[in-house]
Amino acid sequence: MMELLAPAGDRDALEAAVNAGADAVYLGLTRLNARRGAGNFDESALEAACLFCHERGVKVYVTVNTLVKDQEMDQLEQIAQALWRARADAAIVQDLGAAWALGRMLPELPLHASTQMAIHNRQGVAFLRKQGFARAILARELSYEEIAQCAGEGVPVEVFGHGALCVACSGQCLFSSLVGGRSGNRGLCAQPCRLPYRLEGPLCQAAGDWLSPKDLCTIDSLPRLAQAGVASLKLEGRLKGADYVYKVVSLYRLALDGEKVDPALLRQVFNRGYTQGYGPGVDDGELMSVPGEKHVLSGGGAWPGPRPRQIPLTGRLTAQVGQPLALALSDGDSRVEAEGAEVQRARGKADPQRLAAQAGKMGGTPYRLEALRLEADPDAFASAAAVNALRRQALELLGQQRARRAAPQMQPPRPLSEALAALPRRAGAGSGEAEPRLCVQAADAALLARALAWGAQEAVWAPEDLTGAGLDRRPDFPFTLALPPTLSGDGLAALNQWALAQGSRIQGVLASNPAHLALKWPGEMRADGPMNLFNGVAAALLDMPHTPSPELTCAQIRALPGEKELVVYGRAVLMLLRHCPLNHCLGGGPHAACRRCDRGGAQVGQHQLVDRKGARFPLARLKTDQGCILRVYNSVPLMLLRRAGQLPPSARWRMVLTGEDQELCQALVICHRRVLDGLPLEGPHWDRIKDLPSTTGHYFRGVE
């Protein structure tokens with residue numbers, strides 16, 4: 001049976017989840033967790049939470065699931081100590097460097113790869129298996145078939161089953177970070193997706209909740225998930241209260257136990273309307289919420305009564321005059337015996353059965369007494385207070401023994417310094433050249449050829465059509481292939497085979513997801529920005545040229561080891577979507593079957609999302625045989641020419657061109673070439689671009 005995994009934003013929610021029947025809970029410490037707005041747990045509260053859960057046979061998974069800065073690495077050592085003292089059952093991690101460090105400090109601690117790690121295909125799970133992860137928490141946007149492929153890779157998989165649904169492909173959202181300054185990768189998402197936008201273009205001019213999905217509900221789909229091989233069903237809600245947690249967990253407990261559940265009961269708890277999500281295949285018109293359907297609370301059938309978790313016990317009460325009152329309890333695995341006050345001789349009529357009845361009162365505890373053997377003298381007497389004290393003592397001893405038995409046994413953590421000593425040690429930023437190489441990335445092979453003529457030294461091809469016909473339009477000169485961060489397992493396998501068949505034409509690849517690291521590629525492999533390399537441990541661990549996380553500052557990038565590549569121009573991808581706002585606007589239908597943009601006429605790439613302040617966010621399409629993936633671009637491009645002298649040393653500068661006209665592209669490439677050649681920014685090309693609206697991203701402001 002699937003594990004039922006429940007959220008615990010604070011102690012009240014934790015107790016509600018356990019009493020409602022959760023098999024495991026996930027919770028965060030007060031730092032380095034992706035729900036910094038929840039109540040969370042300090043180290044002493046974590047120990048108490050683990051003791052409470054382990055006594056009741058419930059596991060505790062602790063979230064350490066944010067990107068971790070270099071200056072925060074010492075906090076990992078304190079977290080490792082806290083996890084060991086509390087005997088946590090696993091840690092949930094996003095950051096590759098943090099995962100490696102925790103794994104070295106606490107090698108016996110199971111590591112679960114957070115959904116923020118963007119594991120969304122079988123190749124990604126294969127990478128986790130090679131790295132020793134104990135579980136893959138899959139991206140939310142997978143179909144049943146894709147989940148089944150992932151489950152077949154030999155690592156238990158966990159999926160989200162209920163609650164708020166992120167619209168962006170998991171781990172690949174920079175909207176809150178770049179537009180609002182609050183990083184979702186650091187636990188501070190401002191949820192710009194929940195705001196209304198206008199979708200504007202030749203086919204649609206309408207306001208709507210184009211980025212705000214309904215809440216996920218899979219209570220009717222549990223057999224499909226079980227058939228797909230899901231090991232754990234995660235319920236969302238660390239920012240929700242205990243009442244919400246109890247109600248949702250209890251209904252899923254009933255459903256998983258094979259009992260009939262009235263689906264109307266779920267409409268009595270906070271929701272934005274419900275969707276089955278991506279599992280059965282996305283309907284672009286059904287996935288997103290509609291005005292008036294947000295925060296729906298409606299009537300339904302009678303609520304099921306409380307189902308507190310109760311552990312059956314057997315016992316023996318011994319009451320012999322002149323001897324200590326004794327109570328032995330057993331749950332079948334653990335057995336304890338406690339002794340209390342001396343048993344007195346009754347002055348009047350004795351009633352030993354009263355002693356047994358008093359000893360069997362288990363109200364307010366997680367136990368129920370199924371059988372109690374009484375061994376008592378006929379004239380034995382003990383006060384109710386004495387029996388109550390004995391029962392409490394015996395239950396406390398039993399709880400401690402159950403908790404010790406359930407808690408994982410781990411050796412004390414090794415020092416962080418000892419773990420870091422095993423990392424490869426490479427030089428800082430050295431490129432071996434007097435200046436960075438100028439690289440230009442684009443989807444148009446002809447534009448890349450012109451960019452080389454304008455002064456670029458490397459062409460990076462990022463195809464927007466990964467079908468056979470689209471790949472046939474590759475450059476006819478040597479190039480680097482930019483791999484998309486999100487692609488189905490079948491799509492990635494096909495792209496990999498195509499790339500290997502190109503021979504020496506492909507000089508290298510830009511890997512943007514852990515899945516890419518599980519495969520062999522032609523030429524040199526470099527890590528791209530969506531890989532989210534955020535600290536020196538992660539950079540040293542991959543041991544390859546890399547583009548640091550786009551959320552790092554110049555100073556933080558400068559401190560990273562290894563050969564670095566900087567994106568110096570281009571519109572950042574704020575979101576990747578596996579639904580289409582345009583198809584939604586025009587009536588919806590199955591996303592994978594939509595071929596609207598292939599039938600001629602206006603396409604989704606001619607449309608933009610416009611926010612309440614008038615900022616315009618262009619859309620672009622990545623075409624695959626498994627359905628389109630949509631990109632939402634920032635409203636203005638990154639441009640750093642005026643602050644080029646403040647950038648950290650690097651081996652490459654990369655410009656990303658995404659739809660600019662040819663004259664503008666030429667001006668941009670020539671001006672970047674002039675800066676690298678030490679020439680002043682002047683003349684008609686500079687005049688063409690100097691007043692363009694632009695941003696410097698996080699290079700000079702960073703994130704919390």
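A salt bridge here is a side-chain nitrogen of Lys or Arg within 4 Å of a carboxyl oxygen of Asp or Glu. With that cut-off, the structure holds 44 salt bridges. Keep in mind as you click around that this is a predicted model.

**Stop 1: a bridge in the loops**

Select Arg 186 and Glu 72. They form a salt bridge, with the closest N and O atoms 2.7 Å apart. Now colour the chain by position and see what is being joined: Arg 186 sits in the loop between helix H7 (175-180) and strand S8 (197-200), while Glu 72 is in the loop between strand S3 (59-64) and helix H3 (73-86). The two are 114 residues apart, so this pair links distant parts of the chain. Buried or exposed, what is Arg 186? Arg 186 counts as buried, at 4% relative accessibility.

**Stop 2: strand to strand**

Next, pick Arg 316 and Glu 375. Their side chains meet in a salt bridge, 3.9 Å from N to O. Arg 316 belongs to strand S13 (residues 311-319) and Glu 375 to strand S17 (residues 367-376), and the pair links parts of the chain 59 residues apart.

**Stop 3: loop to helix**

Move on to Asp 331 and Arg 405. This salt bridge has its closest N and O atoms 3.6 Å apart. Which parts does the pair tie together? Asp 331 lies in the loop between strand S14 (324-330) and strand S15 (335-342) and Arg 405 lies in helix H11 (residues 384-406), so the bridge connects parts that are 74 residues apart in sequence. Asp 331 counts as buried at 16% relative accessibility, and Arg 405 counts as partly exposed at 43%.

**Stop 4: a whole network**

Now select a group: Glu 458, Glu 524, Arg 526, Asp 528, Glu 563, Glu 565, Arg 652 and Arg 654. Show their side chains, and you're looking at a network of salt bridges that links them.

**Stop 5: two helices side by side**

Head over to helix H1 (residues 11-19) and helix H2 (residues 43-55). Their axes come within 11 Å and cross at roughly 10 degrees. Angles under 35 degrees count as roughly parallel, so H1 is roughly parallel to H2. Which residues of H1 meet H2? Show Arg 11, Leu 14, Glu 15 and Val 18 on the H1 side, and Ala 48, Ala 49, Phe 52 and Cys 53 on the H2 side. Colour this contact by residue type and you'll find six nonpolar residues, no polar ones and two charged ones.

**Stop 6**

Finally, switch to the backbone. Most residues other than glycine have a negative phi. Select Ala 118, where phi is positive, near 65 degrees. Ala 118 is in the loop between strand S5 (111-113) and helix H5 (122-131), and at 5% relative accessibility this residue counts as buried.

Then jump to Asp 543, another non-glycine residue with a positive phi, near 55 degrees. Asp 543 is in the loop between helix H16 (536-542) and helix H17 (554-558). How does Asp 543 sit, buried or partly exposed? With a relative accessible area of 38%, Asp 543 is partly exposed.

Key: Residues numbered from 1 in each chain as written. Predicted model: local features only at pLDDT ≥ 70, side-chain atom pairs only at ≥ 80, totals over all residues. Heavy atoms only, no water. Helix = DSSP H or I, 4+ residues; strand = E, 2+ residues; numbered from the N terminus. Buried < 20%, exposed > 50% of the residue type's maximum accessible area, 1.4 Å probe, protein only. Axes fitted to C-alpha atoms, helices over the stretch in contact; angles between N-to-C directions. Parallel < 35°, antiparallel > 145°, perpendicular 65-115°, else oblique. Contact = heavy atoms within 4.5 Å. Nonpolar A, V, L, I, M, F, W, Y, C, P; charged D, E, K, R; others polar.
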